[in-house]
2 protein chains.
Amino acid sequence: MDTKALFNISYGIFMLSTSWEGKTNGCITNTCMQVASDPTRVAIACINKNYTCELLKKSGVFALSILDQTCNFELIKHFGMQSGRNVDKFEGMLLPKDVNGLPYLGWGACAVLSCHVVDSKDLGSHTLFIAEIDDAVRLNDKAPMTYAFYQSDVKPKPAKPAEEKKITGWRCKICGYVYEGAEIPADFLCPLCGHDVSDFEPIYA
Amino acid sequence: MDTKALFNISYGIFMLSTSWEGKTNGCITNTCMQVASDPTRVAIACINKNYTCELLKKSGVFALSILDQTCNFELIKHFGMQSGRNVDKFEGMLLPKDVNGLPYLGWGACAVLSCHVVDSKDLGSHTLFIAEIDDAVRLNDKAPMTYAFYQSDVKPKPAKPAEEKKITGWRCKICGYVYEGAEIPADFLCPLCGHDVSDFEPIYA
């Protein structure tokens, strides 16, 4: 099996936000699709170990900001490459709120979907949530950002590590998985979230 | 709610094929996403009234050909705009077969995923299938076709009907739903599959 064939599946990119008992968090995800009409339902998949997923299992509501092509890497990095367990990602951001009182991206996003979960299924690494739409709003007419556009036009090329430092392992920036060893194979894929080595950062001694 | 906000979700385009007791059928779908790793699982949603969906519920196996940008409209029309109940879509096509013996597109597709269903959920209009990957093969290095690319670069603009003919209704070319009346509102969305009026064709008296 050539797991890279799976990279040919097209995705958008989204900021998923939820809130539970005063804790609000958001993360970057690439999985959302409409799965039914009348009533309209969408499905999203979240990594179980992510804090947003943990909160969503309790709150049952989420806002999905659909990123557009003007969204910059800093915003994606802010929501996608640090954990809400360590930092309040929404502190000082003064974002607009949706019908469920959840913050969404008022810029860098072309639409927002406000949803409540009607069913979920634990798939081991991820949980699949099926949700009905409470509200759907178009924010502008910009083109949605696809995952392919993010890879080609938004994501910085990985910097080469300084030669004098000794590398002891590699950490997946997406899910935190650690590969132990100085040299990671070029075709290595994260066993947790499936991302390739361009999403790994070195761990120094 | 502005249901057009849902059009900002990005999708790929796929030819979904399956076979049961000598009947083989395929259709065009835009829903597939990876929903778990270890084991790798994908989710697809199929319209319940489609013949492919009916066969898939029995067979439990499918091949998903991921269309690339060179796939032409005729091929999409062949699999997407007629029913396998009326025609054998694979007759004479001599397509390659995957590890499960299912035909896939040897051209116009950049990859094929061979899957078996491990769970499903009926969502009314659609069934959501969760499947494990038996095999995944890259066929070429061409860019996958997104649904947005299909709309902008592949799909012909709808032809204006001849003035002398009397229109009595409009048929959704995607799912077959019939809107009764000569004039269909410009913002009408198919209540079954959510497609807009550009996917409807006139029915003449």
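Q: Before we start, what kind of model is it, and how are residues and chains labelled?
A: It is a predicted model, in which local features need pLDDT of at least 70 and side-chain atom pairs count only at pLDDT 80 or more, while totals for chains, interfaces and linings use all residues. Residues are numbered from 1 along each chain as its sequence is written, and chains are lettered from A and ligands numbered from 1 in the order in which they are written.

Q: Okay, what does the secondary structure of chain A come to?
A: Chain A has 3 helices and 10 strands, where helices (H or I, at least four residues) and strands (E, at least two) are DSSP runs numbered from the N terminus. Starting at the N terminus, the order of elements is β-β-β-β-α-β-α-β-β-α-β-β-β.

Q: And how compact is chain A?
A: Its radius of gyration is 17 Å, close to the 17 Å that the globule rule gives for 205 residues, so chain A is as compact as a globular protein of that length. That radius is taken over C-alpha atoms, and the globule rule is 2.2 Å times the number of residues to the power 0.38. Along the principal axes, the C-alpha atoms of chain A fill a box of roughly 55 × 40 × 35 Å.

Q: How much of chain A is buried?
A: Of its 205 residues, 42% count as buried, a word used when 20 or more other C-beta atoms lie within 10 Å of a residue's own, with exposed meaning 12 or fewer and partly exposed in between, and with C-beta atoms placed from the backbone.

Q: Let's look at the sheet: in what order do the strands come?
A: In chain A, 7 strands form an open sheet in the order 2-1-5-6-7-4-3, with antiparallel pairing; two strands pair if DSSP finds at least two bridges between them. Strand 2 (23–29) and strand 3 are the edge strands, each pairing on one side only. From one strand to the next, the twist averages 35 degrees, and such angles run from 0 to 180 degrees between N-to-C directions, with axes being lines fitted to C-alpha atoms, for helices over the stretch in contact.

Q: Which helices pack on it?
A: Helix 1 (residues 51–59) of chain A does, touching strand 1 (14–20), strand 2, strand 4, strand 5 (61–67) and strand 7, and its direction makes about 55 degrees with that of strand 1. Helix 2 (residues 73–80) of chain A also packs on the sheet, touching strand 1 and strand 2, and its direction makes about 125 degrees with that of strand 2.

Q: How many bridges join strand 6 to strand 7 in chain A?
A: There are 11 bridges between these antiparallel strands, and in strand 7 the partner of A:His116 is A:Glu132. A:Glu132 is also the bridge partner of A:Arg41, and 7 bridges join strand 4 to strand 7.

Q: Where is the cis bond in chain B?
A: In chain B a cis bond joins B:Asp38 and B:Pro39, and B:Pro39 is in the loop between strand 3 (33–36) and strand 4 (41–47) of chain B.

Q: New topic: how many residues of the two chains are in contact?
A: 45 residues of chain A are in contact with 45 residues of chain B, contact meaning that C-beta atoms, placed from the backbone, lie within 7 Å. Strand 7 of chain A gives the most to its side, with 7 residues.
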